[in-house]
Amino acid sequence: MKRSALVLLVLLAGYWLALSGYLDNPVLLSVGAISVVLVVAMVWRMGIIDTETVPYIHGKSLGYFAWMFVQITKSNIDVVKAVLSPDMEISPKLTKVPLPHSTDLGRVTFANSITLTPGTVSVEMQDDVILVHALLASMTDQKAFADMGERAAWAVSDPMSGKAAPQKDSK
Amino acid sequence: MTQFLYYMNVGTAFFLLIGMVLLLTRLLSGPTLYDRILAMNSFGTKVVLFLAVFALIIGRDDGVDIAILYALMNFIATIAVLKFFRYSALGVSLEDEFIEEENPPVAPRNTGVNKTSTNRTGTKKGKRT
Amino acid sequence: MIAEFLPVAQMLIASVLMLAGVFFVIAGAIGVIRLPDFYTRMHAAGVTDTLGAELIIFGLIVQAGISQTSLKLVFIAFFLFLTSPTATHAVVGAAWQSGLKPKLGKYKAPAPGEAKAKPKTKSKATPPAKSKTKSKRKSPVKTTRTKK
């Protein structure tokens with residue numbers, strides 16, 4: 001928790017400097033320092049600071065972003081083709097996708113990746129399964145979902161232990 | 001060279017405006033509440049893009065700050081509107097939903113187009129008394 | 001040599017990215033109008049939110065070069081990348097929990113001449129699901145209100 005607060009402090013300070021652009025104006029710098037410390041104190045007092053509140057971005061996540069961007073481009077082209085064709089043949093379908101991730105971060109990353117890929121939207125997340133609405137029936141390939149799930153687990157270093165036991169009591 | 005990019009930006013802004021008008025038709029005609037919220041969210045994304053393009057057209061960096069602000073506010077607005085239509089109030093902790101299902105803080109409302117207006121007034125009156 | 005070539009490359013890359021972005025934005029907006037049902041419109045809105053927005057912002061970043069403006073644009077791209085799926089999931093989850101039923105199975109747009117007839121079938125097809133939920137949910141709402 002202390003480490004997360006420190007990371008948040010550094011991130012917010014960097015954000016302030018990046019947006020203001022004034023590095024030599026004492027008034028702006030002190031106002032920025034005050035607001036950064038105030039925000040961290042408030043978040044600390046609310047008790048919501050942990051590894052999920054503070055985003056850790058490392059090489060793995062950047063690689064995952066790049067892979068996601070390729071997937072997004074591919075499925076975007078499919079959706080645009082289906083939408084712009086004159087007779088617009090679509091076949092909406094609801095499927096259940098197994099969710100083997102055990103940490104909250106891994107589950108959210110996987111569900112968000114499904115939603116971010118156009119053509120598939122995660123509707124509801126249950127204990128070990130995600131309800132997915134797909135625009136085309138060809139998009140509900142279980143192998144592709146499993147591949148994406150493995151990559152998402154790799155990106156946030158999720159153990160993928162099968163059952164999601166700890167989620168129950170956190171709710 | 002820069003002249004060409006300038007016209008490029010103006011064209012982009014123009015087409016973004018066209019896209020916004022298209023979304024407005026869905027916003028006004030959407031059969032359900034959720035179509036309208038969806039159109040509103042997408043409209044907000046386009047406003048962010050328009051502001052960013054516009055800031056480069058007029059050559060002022062400050063406009064990009066406004067675009068950042070709008071990107072953050074658009075997300076919060078969508079969540080707030082959804083929460084409001086679910087609980088008819090904004091001061092409800094989302095945690096309650098997980099704790100107790102049979103006794104929600106405010107009765108969940110349905111989402112019909114015609115009935116929403118009558119319901120809204122109804123629940124408000126019910127809460128005040 | 002390189003100094004002369006660089007602005008041309010910058011211009012070309014920026015214009016290609018922005019043209020592609022505009023195409024995806026407009027395609028997504030058309031999809032939101034054309035598709036028959038809320039859950040399918042969701043996907044069309046996703047096209048706008050993901051690739052259209054990101055491509056336009058990348059085009060602007062290429063235009064702005066290495067400067068503070070492009071750093072701010074990177075922030076915008078990052079926020080959109082994080083918030084758009086969350087907002088989409090929030091809307092879909094709310095619709096699902098309120099009992100809005102998706103139209104499943106194959107769907108084909110009516111013949112081009114009958115383009116006007118499509119909205120009619122759309123509005124005819126969704127209300128039954130809605131009215132069902134209404135009748136289900138209405139009674140508890142009323143009882144709680146009378147209790148209070």
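Analyst: Happy to. Helices (H or I, at least four residues) and strands (E, at least two) are DSSP runs, numbered from the N terminus.

A word on the source: this is a predicted model, in which local features need pLDDT of at least 70, side-chain atom pairs count only at pLDDT 80 or more, and totals for chains, interfaces and linings use all residues. Residues are numbered from 1 along each chain as its sequence is written, chains are lettered from A and ligands numbered from 1 in the order in which they are written, and side-chain values use heavy atoms, with hydrogens and water left out.

The part I have picked is chain C. Chain C has five helices and zero strands, and along the sequence its pattern reads α-α-α-α-α. Of the 148 residues in chain C, 51% are buried, where buried means under 20% relative accessible area, exposed over 50% and partly exposed in between (1.4 Å probe, protein chains only).

Now look at two of these helices. Helix 2 of chain C covers residues 38-64 and helix 3 of chain C covers residues 68-97. The two pack with their axes 9 Å apart, at an angle of about 175°. Helix 2 of chain C and helix 3 of chain C are therefore roughly antiparallel to each other. Their contact holds 18 nonpolar residues, along with five polar and two charged ones. For these classes, Ala, Val, Leu, Ile, Met, Phe, Trp, Tyr, Cys and Pro count as nonpolar, Asp, Glu, Lys and Arg as charged, and the others, Gly among them, as polar.

Finally, take a look at one glycine. C:Gly28 sits in helix 1 of chain C, which spans residues 2-34. Is C:Gly28 buried or exposed? With a relative accessible area of 1%, C:Gly28 is buried.

How values were computed. Axes fitted to C-alpha atoms, helices over the stretch in contact; angles between N-to-C directions. Parallel < 35°, antiparallel > 145°, perpendicular 65-115°, else oblique.
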